[in-house]
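Hi there,

Here is the structure I promised to pass on to you. Have a look at it first, and then read on for what turned up in it.

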Amino acid sequence: TTADVLENKLLAGSGVTLTKGNASANETLTVSVTPFSFTESNATATSNQTTFSVTYTAGKIQCFKNGVKLIVGSDFTATNGTSVVLASGAAAGDIIEFVVFG
């Protein structure tokens, strides 16, 4: 991804904290609003890739493919806390985005 793409999407206000991680490829942005927070990250898929490494708590993750929200249990599974598996392989260059709630 391009550096600062995620950070440029949001502005923090009173009571909101933005924390950027890995400003180059696979940039992450953690947004904290006491007591709520989420982390957004993304990956660029290879041809027919189905498995992506992501740390999360089961039931607290959303997944998007090229900006379209995927349906848990139908379009992807996320049960072990370390990987997300798409039901069908992504195309090379697809952007897979993960929103993890904490």
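Two residues are in contact here when they have heavy atoms within 4.5 Å of each other. Please keep in mind as you read that this is a predicted model. Taking the contacts in the protein with a separation of 6 or more, 55% are between residues 24 or more positions apart.

Now for the overall build.

Next, the inside. In soluble globular proteins, nonpolar side chains tend to be buried together. Here the largest nonpolar core has 16 residues, and those touching the most other members are Ile 61, Cys 63, Phe 76, Val 84, Leu 86, Ile 96 and Phe 98. Two or more residues of this core come from each of β5 (61–65), β8 (83–86) and β9 (95–101), and β9 gives the largest share, 3 residues.

Leaving aside residues up to four places away in sequence, Val 84 touches a list of residues including Thr 50, Phe 52, Tyr 56, Ile 61, Cys 63, Phe 76 and Phe 98.

Enjoy exploring!

Best wishes

Definitions and conventions: Residues numbered from 1 in each chain as written. Predicted model: local features only at pLDDT ≥ 70, side-chain atom pairs only at ≥ 80, totals over all residues. Heavy atoms only, no water. Core = buried A, V, L, I, M, F, W, Y, C linked by side-chain atoms within 4.5 Å. Buried < 20%, exposed > 50% of the residue type's maximum accessible area, 1.4 Å probe, protein only. Helix = DSSP H or I, 4+ residues; strand = E, 2+ residues; numbered from the N terminus.
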